[in-house]
Amino acid sequence: MNAPVTTNNLDAFWMPFTANRQFKKSPRMFVSADRMHYTTAEGNKVLDGTAGLWCVNAGHNRPKIVEAIRQQAGELDYAPAFQMGHPKAFELASKLVQLTPPGIDHVMYTNSGSESVETALKTALAYHRVKGDGSRFRLIGRERGYHGVNFGGISVGGIVPNRKMFGTLLTGVDHLRHTHDPDRNAFTRLQPEHGVEFAEDLERIIALHDASTIAAVIVEPVAGSTGVLLPPKGYLKRLREICDKHGILLIFDEVITGFGRLGTPFAADYFDVVPDIMVTAKGLTNGVIPMGAVFVKNEIHDAFMNGPEHMIEFFHGYTYSGNPIASAAGLGTLETYQDEGLLTRGAEMAPYWEEALHSLKGLPHVIDIRNIGLIGAIELEPIAGEPTRRAFSAFLDAYNKGLLIRTTGDIIALSPPLIIERNEIDFLVDTLSGVLKSLN
Ligand SMILES: Cc1ncc(COP(=O)(O)O)c(C=O)c1O
């Protein structure tokens, strides 16, 4: 049995991205989870409308993942990640690169999305250098982008509160303008019609710095943490063309879009645009064990495979890169995805999901609804002078009514496990409807 939760033992843990004082006055504790639902300390069931934090794509407590972890812990708990190997890390890598677009057949492991981002940025810089093009040192991100919380990621990222406390960040970074354009695109289903021209901002940045100084551009194919911004039609293809024209690497941060979220294995498949590097984490292990993966095009990998064979080719890696238990969890996760067709199930459910979400149009304070795959966003008009308060109230009310949503600014973001059924979508939308109707 879980120990009873009391409010007087919560002080020590300084919680991440949390209103700590509010939480500790009125804690929300999950004590167990199964498939689509959490159970709270009070014994209430809460529908998981967010797949944890966009990571529990196969739902909770999945037997193959649980069993893989159990077995691995008793067989080989840890093996050094440097100069030694163990079979499951290689097995997982081989299986993963069968899912990636052709020509992306190599993968490096990390322990989180943030570390995957740092790995990708460093790989891009080092790639140009091993090719003798060391003047390409600039990294280009995008306004409103989220690439985790480490220094590289917040430097290329564009979410102001995540950046403003932390000094000068990385130098040599610039940002594309964001693509949010509610005046032209509000309530669009799937990709916005307007905004392909935002990609031309990359030409402006290139004209300013010169292409010969730019190593890579990093974007989320669908921006999640900023409140779900979809790429306008043609935008990602245009970014790809401009990068190709100027010898700049294109990095897709697929930490939330990877592993089936859009109804395809990766966003690269959905948008039919192949990046040079793909950053992943979250759904790789169904969120159960921390693990990330960075996929690189073969020519990037091959450029490093030079010099004397006893020499380390890339001075980068983590103590837990490809950790045996994480690798086992990854294998159990892939098997679950494949057994149940979860990497494409989002495509089947997307039309129903879209209809259900857009039925909320016209409710109080709703100024935009966006959707793609099994992602949804409902943007609320902020209370004047009190940004985030309205959405936070919605979050608390939804939780009390048995639904977990996520809010960012005044936007409700939804990303349920890919096993969600129609009646659960109905519950989610009916509950949200009740929440929205009673909001101040
Ligand atoms: C696009 C993107 N990149 C990176 C990250 C960072 O991942 P982590 O929290 O595992 O470090 C996230 C997390 O939400 C994300 O959405």
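Colleague: Before we start, what should I know about the model and its numbering?

Modeller: Residues are numbered from 1 along each chain as its sequence is written. The model is predicted, so local features need pLDDT of at least 70 and side-chain atom pairs count only at pLDDT 80 or more, while totals for chains, interfaces and linings use all residues.

Colleague: How do I read the packing of two helices?

Modeller: Two packed helices are described by the angle between their axes and the distance between the axes. Here, helix α14 (residues 342–358) packs on helix α16 (residues 422–437) at an angle of about 20°, with the axes 10 Å apart. That makes α14 roughly parallel to α16, a label for angles under 35 degrees.

Colleague: Which residues make the contact between α14 and α16?

Modeller: Tyr352, Trp353, Ala356 and Leu357 come from α14, and Arg422, Ile425, Asp426 and Val429 from α16. Two residues are in contact if their C-beta atoms, placed from the backbone, lie within 7 Å.

Colleague: And where are the domains?

Modeller: Domain bounds come from an automatic or database domain assignment. In this chain, domain 1 is 7–61 + 342–437 and domain 2 is 66–340. Their centres, taken over C-alpha atoms, are 26 Å apart.

Colleague: How many residues of each domain are in contact?

Modeller: There are 34 residues of domain 1 in contact with 29 residues of domain 2. On the side of domain 1 that touches domain 2, α14 gives the most, with nine residues.

Conventions: Axes fitted to C-alpha atoms, helices over the stretch in contact; angles between N-to-C directions. Helix = DSSP H or I, 4+ residues; strand = E, 2+ residues; numbered from the N terminus. Parallel < 35°, antiparallel > 145°, perpendicular 65-115°, else oblique.
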